[in-house]
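Dear colleague,

Please find below the structure that I am handing over to you.

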Amino acid sequence: LLIARGILARRRALELHRLAQSSPVLKASKLSLPSRDDQGWEAWRAAGELLEARLRGSGSSGWLDRVAQLPWRVVTWRGDALLLERVYQMYLPVFYWVKEMRRLTCGRGGASLIGMQCLQGGGKTTLCDGLELLARSEGLNCVVASIDDFYLTFAEQTALAEANPDNPLLKFRGNAGSHDLELGAETVRALKACTTKDAEVL
């Protein structure tokens with residue numbers, strides 16, 4: 001039984017390594033993946049297990065709901081495959097790219113700010129939650145801010161809509177013009193000004 005478990009563990013490690021090797025993010029970032037015998041790969045695996053546990057606990061995610069609609073015989077296998085693809089082909093390569101950007105820019109002083117852009121519903125929040133989790137697991141201070149954090153107040157949005165009655169896009173929040181840009185800029189400037197180690201932001 002122990003031998004069989006060891007064989008399965010080695011096979012899984014090989015499959016995960018192959019999965020990570022085929023990551024388009026890894027290729028685009030030109031980062032190298034540690035070999036399976038390297039201690040760096042163990043760090044990847046530990047980070048991957050942390051993300052897997054977090055994502056398995058978020059059953060309300062839309063992609064998990066879609067998997068649940070598959071025939072019951074393939075739900076477990078397909079759900080596991082999709083999760084591992086996300087972790088090893090996207091989340092982990094992005095995290096290690098972010099760490100590399102931090103390494104390259106830390107000599108400039110202040111915090112490193114990384115922007116994420118994607119279509120609505122594309123997974124920005126889930127990705128950034130994962131990045132924050134991994135950063136904190138390594139003892140790094142990390143702050144995640146979303147454009148959704150900088151909407152105009154209800155009163156300001158109402159006043160904007162009333163001042164532009166011919167523009168239906170300004171009646172509701174979410175469209176261009178419905179954000180407090182100055183508040184967003186002030187927040188970014190304040191984060192970038194963090195210089196002490198206690199206030200270091202990844």
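The notes below cover the confidence of the model and then two residues.

This is a predicted model, in which local features need pLDDT of at least 70 and side-chain atom pairs count only at pLDDT 80 or more, while totals for chains, interfaces and linings use all residues. Residues are numbered from 1 along each chain as its sequence is written, and side-chain values use heavy atoms, with hydrogens and water left out.

The protein chain has a mean pLDDT (the predictor's confidence in each residue, from 0 to 100) of 79, and 81% of its residues reach 70 or more. Among the elements of the chain, the lowest mean pLDDT, 48, belongs to helix α4 (residues 62-68), and the highest, 92, to α7. Helices here are DSSP runs (H or I, at least four residues), numbered from the N terminus. Over residues 59-68 pLDDT stays under 50, and the model has 13 contacts (heavy atoms within 4.5 Å) for them beyond four places in sequence. Residues 70-77 also have pLDDT below 50, with 5 contacts beyond near neighbours in sequence.

Glutamine 89 is located in helix α5 (residues 72-105).

Histidine 179 is found in the loop between α7 (154-163) and α8 (181-192). Its relative accessible area is 16%, so histidine 179 is buried (under 20%).

With kind regards

Methods:
Helix = DSSP H or I, 4+ residues; strand = E, 2+ residues; numbered from the N terminus. Buried < 20%, exposed > 50% of the residue type's maximum accessible area, 1.4 Å probe, protein only.
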